[in-house]
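Please keep the viewer open while reading.

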Amino acid sequence: MPNPDFDAEALYRALAERMKSGLAQARDVAIVGIHSGGAWLAERLAADLGLSARLGFIDVSFYRDDYAERGLHPDVKPSQIPFEVEGATIVLVDDVLYTGRTTRAAINELFDYGRPARVMLAALVDRGGRELPVAPDFVAETVTLPPDQHFVLQRAADGRFSLTVDHA
């Protein structure tokens with residue numbers, strides 16, 4: 001059951017509005033979602049912001065610095081970036097920003113496709129706890145969670161989001 005304190009749909013609307021105004025003057029914008037929650041958000045953001053033709057996806061499994069410890073995730077998906085990255089303004093989208101390691105891995109993979117003019121970061125929730133100097137350009141909410149808890153974004157069959165807190 002979704003936590004009533006975290007209305008994922010309201011958070012999504014806030015994020016989309018911040019991105020719309022923040023990207024108004026940006027040139028050659030593309031959206032790249034980080035699998036899986038970030039990919040779901042990116043799909044909807046691209047549709048709502050008129051960027052569906054400039055939508056890509058990244059799976060950072062092979063680029064993580066803890067790959068040796070975690071091993072291969074069973075749900076590895078292929079990265080798909082069907083547009084020119086060189087010189088573009090890329091908005092990386094993730095569901096939850098925590099340590100910054102997923103963002104670092106996504107940037108590493110993104111540069112395999114070319115050198116963007118600018119990389120920006122959007123997250124539904126920033127939960128703090130950064131281990132790397134990474135900050136979101138667009139975020140709907142900043143919430144501090146204890147280390148033994150984490151957010152879980154889910155997408156229903158009708159595309160609506162829910163956000164819950166899981167206790168590890």
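The model is predicted.

| Aromatic pair | Centre to centre | Angle between planes | Class |
|---|---|---|---|
| Phe6 and Phe151 | 5.2 Å | 85° | edge-to-face |
| Tyr12 and Phe161 | 5.9 Å | 50° | tilted |

Take Phe6 and Phe151. Their planes stand at 85°, so the pair is edge-to-face; the class requires over 60 degrees. Phe6 belongs to the segment before α1 (8-22), while Phe151 is part of strand β6 (residues 149-155). The pair thus links distant parts of the chain, 145 residues apart.

Now Tyr12 and Phe161. The angle here is 50°, and the pair is tilted. Tyr12 sits in helix α1 and Phe161 in strand β7 (residues 161-167), so the contact ties together parts 149 residues apart in sequence. Tyr12 and Phe161 are buried.

Which charged end sits over the ring of Tyr12? That of Arg44, 4.2 Å from the ring centre. Tyr98 has a charged end over its ring too: Arg127 places its own there, 3.9 Å from the centre.

Ser61 lies in the loop between β2 (55-58) and α3 (67-70). Is Ser61 buried or exposed? Its relative accessible area is 13%. Buried means under 20%, so Ser61 counts as buried. The side chain of Ser61 also makes a polar contact of 2.5 Å with the side chain of Asp59.

Note on methods. Residues numbered from 1 in each chain as written. Predicted model: local features only at pLDDT ≥ 70, side-chain atom pairs only at ≥ 80, totals over all residues. Heavy atoms only, no water. Phe/Tyr/Trp six-rings, centres within 6.5 Å; stacked < 30°, edge-to-face > 60°. Helix = DSSP H or I, 4+ residues; strand = E, 2+ residues; numbered from the N terminus. Buried < 20%, exposed > 50% of the residue type's maximum accessible area, 1.4 Å probe, protein only. Lys NZ or Arg CZ within 6 Å of the ring centre and 35° of its normal. Polar contact = N/O pair within 3.5 Å; in protein donor to acceptor, adjacent residues only side chain to side chain.
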